[in-house]
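Please read the following report alongside the sequence and the coordinates.

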Amino acid sequence: MTSEQLTEMYEQATALAESGQHAAALEQFVAYLRYRPNDGQALNDAATLLYCMGRSQEAIGLYEKACQVCQGDALTQVYWNLSEVYLQ
């Protein structure tokens, strides 16, 4: 899959998530992550969808993986999201 196709897949997933189609968005993120398993932003986004869908334990696993690959502000956002799951 080309870089352009992966970018399009990520953008579709984001658009689906923003329109409230969480299950469809999650499917797109999972497909995207098969090609880019260490994309911290995509891991964070997929985890957030899982959390919104009430699948907190699965979300924690993805947030923890995102913590391993993110840096800087992205890592701060992942920690923030992870803390919200734990406080729930």
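## Cysteines

How far is the sulfur of Cys67 from the closest cysteine sulfur, and in which residue does that sulfur lie? The closest one belongs to Cys70, and the separation of 7.4 Å is too far for a bond, given that a disulfide is taken as a pair of cysteine sulfur atoms within 2.5 Å. Cys70, for its part, is in no disulfide, and by this rule the count comes to zero disulfides. Cys67 counts as buried at 16% relative accessibility, and Cys70 is also buried, with a relative accessible area of 10%; here buried means under 20% relative accessible area, exposed over 50% and partly exposed in between, with a 1.4 Å probe and protein chains only.

## Basis of the values

This is a predicted model, in which local features need pLDDT of at least 70 and side-chain atom pairs count only at pLDDT 80 or more, while totals for chains, interfaces and linings use all residues. Residues are numbered from 1 along each chain as its sequence is written, and side-chain values use heavy atoms, with hydrogens and water left out.

## Helices α1 and α2

Helix α1 (residues 3-18) and helix α2 (residues 22-35) have axes that come within 8 Å and cross at roughly 155 degrees. The helices are DSSP runs of H or I with at least four residues, numbered from the N terminus, and the axes are lines fitted to C-alpha atoms over the stretch in contact, with angles from 0 to 180 degrees between N-to-C directions. The angle makes α1 roughly antiparallel to α2, a label that applies over 145 degrees, whereas under 35 counts as roughly parallel, 65 to 115 as roughly perpendicular and the rest as oblique. The crossing of α1 with α2 is left-handed, meaning that the near helix is turned anticlockwise from the far one by less than a right angle.

On the α1 side the contact (heavy atoms within 4.5 Å) includes Leu6, Met9, Tyr10 and Leu16, and on the α2 side it includes His22, Gln28, Phe29 and Tyr35. By class, this contact of α1 with α2 has 12 nonpolar, four polar and no charged residues, where Ala, Val, Leu, Ile, Met, Phe, Trp, Tyr, Cys and Pro count as nonpolar, Asp, Glu, Lys and Arg as charged, and the others, Gly among them, as polar.

## Helices α2 and α3

The axes of α2 and helix α3 (residues 40-52) come within 10 Å and cross at roughly 150 degrees, so the two helices are roughly antiparallel to each other. Here too the crossing is described as left-handed. Residues of α2 including His22, Leu26, Phe29 and Leu33 meet residues of α3, among them Leu43, Asp45, Leu49 and Cys52. The contact of α2 with α3 has 11 nonpolar, one polar and one charged residues.

## Helices α4 and α5

Helix α4 (residues 56-69) and α5 pack at an angle of about 155 degrees, with their axes 10 Å apart, which makes α4 roughly antiparallel to α5. In this pair α4 passes α5 in a left-handed crossing. Ile60, Tyr63 and Cys67 are among the α4 residues that meet α5, whose side includes Leu75, Val78, Leu82 and Tyr86; by class, the contact has 10 nonpolar, two polar and one charged residues.

## Leu82

Leu82 is found in helix α5 (residues 72-87) and is buried, with a relative accessible area of 9%. Not counting residues up to four places away in sequence, Leu82 touches Ile60, Tyr63, Glu64 and Cys67. Leu82 and Gly61 are 21 residues apart in sequence, with a C-alpha to C-alpha distance of 9.6 Å.
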